Structure formats: structure tokens, C-alpha cells
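Let's take a friendly walk through this model. Please keep the sequence and the 3D view at hand.

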Amino acid sequence: MDLFSLQEAEAREGFEPGADTSAMPLAARMRPRALDEVAGQKHLLASGKLLRRAIETDRFTSLIFYGPPGCGKTTLAAVIARTTNAHFMMLNGVESNVADIREKIAQAQMRMSMHGRKTVLFVDELHRFNKAQQDAFLPFVEKGSIILIGATTENPSFEVNGALLSRCKVFVLQALSVEELTGLLRRALTDPRGFGKEQVDITPEALEAIAVFANGDARSALSTLEMAVLNGETEGERTRVTRESLEQCISKK
């Protein structure tokens, strides 16, 4: 069994339809499930753009997503997993070693030989792998045994082996703008996965202050909003985010 398959990971995290997600952090509950829900990255995901066409048609080669924290690298990998016919597996550059890599690749090769189904292997924090670990991917990426999707916050020109880099298409993701983050926060207040089932009073100025504080990071923005709502003043069934409570949430980075 592939313990890190997307389906099982989502089951553990409460993403299955009908699962109770109330205990999950807001950022996890609001993770986009389709391309149109992804905030920002219009230079890659607008209609007609290369990456969007590749995802929608399920025709893409190995990819590397490079960008700052909270810009949507893992989110895009999850959206690809939902829209592609490939099997999806995950590795983490902090926790995994060469043995883990070889095990995943062996599973991918067996899956292809027995069922003719390709495998997408998502590697979070690819820059954490050393040269030997990165080299382990090379022959299998070259042969097409796996489709590699790597995510890194470090410039891949310096942190990814040249041979592996030359076999991957690099997409640069950008930090979200204040306007994009504000829109994401408004959606979290109305979406049933977020606070849509609750009555939350928060001013547009407060939402903008949270967006500015997050400095381009969607995860940080949603976490700050969640903290502000949970510590707001309760009046019957309504929750009001006061200026004082918000200042405590964003007074220091």
C-alpha cells in the first residue's frame, strides 16, 4: 500500500466528502480543489496559459514550482492530483531518503507495467535533498517512469542538480498581492468550508490589514484571520472582530 497516496492523505486530513473538517486549521479547510479556486498566479493559470492547458489536458512533463512560502506550490500539486488520471504520491525533502525514493519509483514502475498507469511524484522542499538523493530521480525522470513535481523556496538554478533541472520545466510562482489576499479572506468568510456558516463582522480595513501583514503568504493570511475570529467578541450568534483583538494578532511578525 502507498501510505502517502493523495487519497489516503486526504482521508487522514479530513478532505473526504462528508468528513468532519471543523477541527482543521482554516488554511487546510480552504485549500483549493480546482484551478479556478487558486488565488493569484494568473501569469500561469489564466485561460490559455501553458500550465493551465497542461493541467486541464493532463499532458505535462516533470515540473518544478519555485516560489516563496504560501504562494500555492503544494496547492497546485494537489489540484493536479485531482484533475489528472495519474496515480499521485508524495515525498518530503526533510523526512525522506534514497530508500524512500527507490521504493516510490519501484511502485511507479510496477503500476505502469501492470496497469499502464503513470505516476506523479510530488516532492515538497526538493532543495532539501542532497546531490545523491536528487541523482536517484534522474534516470526515472528521463525514462518517464515517473512525472516529478518538485516544490522549492530556493532558486533551483543553485539548489537542483543541472542534469535534473534540464529535464524539468520550471514555473516561478509569485507572492500574492494585497488585493489577491483580501479576496481570499473574503471568500473564507463566505465559503461553508471556512466561516460561511457563521456570522462574522469584520471591516474591509481589517481584512486589508491582515493581507498587508501576511506579506504575500496565503497560509499566513488565513491563519491570522482564523486567530482574529476565534478571539473576537461574541454577541449572541455573531462574532465581531475588534480593532484591539486584531492588533494583538498582527502587532508582531
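Here is a short report on a pocket, a helix, some strand pairing and a loop residue.

This is a predicted model, in which local features need pLDDT of at least 70, side-chain atom pairs count only at pLDDT 80 or more, and totals for chains, interfaces and linings use all residues. Residues are numbered from 1 along each chain as its sequence is written, and side-chain values use heavy atoms, with hydrogens and water left out.

The second largest pocket has a volume of about 460 Å³. Of the 27 residues that line this pocket, Arg31, Gly70, Gly72, Thr75 and Arg219 are the closest to its centre. A pocket here is an open set of points on a 1 Å grid, where a 1.4 Å probe fits, with protein on both sides within 12 Å along at least five of seven lines; lining residues have an atom within 4 Å of a point. The volume is the space filled by probe spheres set on the points, which are joined across faces, edges and corners.

Helix 5 (73-83) is among the elements giving two or more residues to that lining. Helices (H or I, at least four residues) and strands (E, at least two) are DSSP runs, numbered from the N terminus.

Strand 1 (residues 63-66) takes part in two pairings, where pairing needs at least two DSSP bridges:

| Partner of strand 1 | Sense | Bridges |
|---|---|---|
| Strand 4 | parallel | four bridges |
| Strand 5 (residues 169-172) | parallel | four bridges |

Glutamate 95, in the loop between strand 2 and helix 6, counts as exposed (over 50%) at 65% relative accessibility.

Conventions:
Buried < 20%, exposed > 50% of the residue type's maximum accessible area, 1.4 Å probe, protein only.
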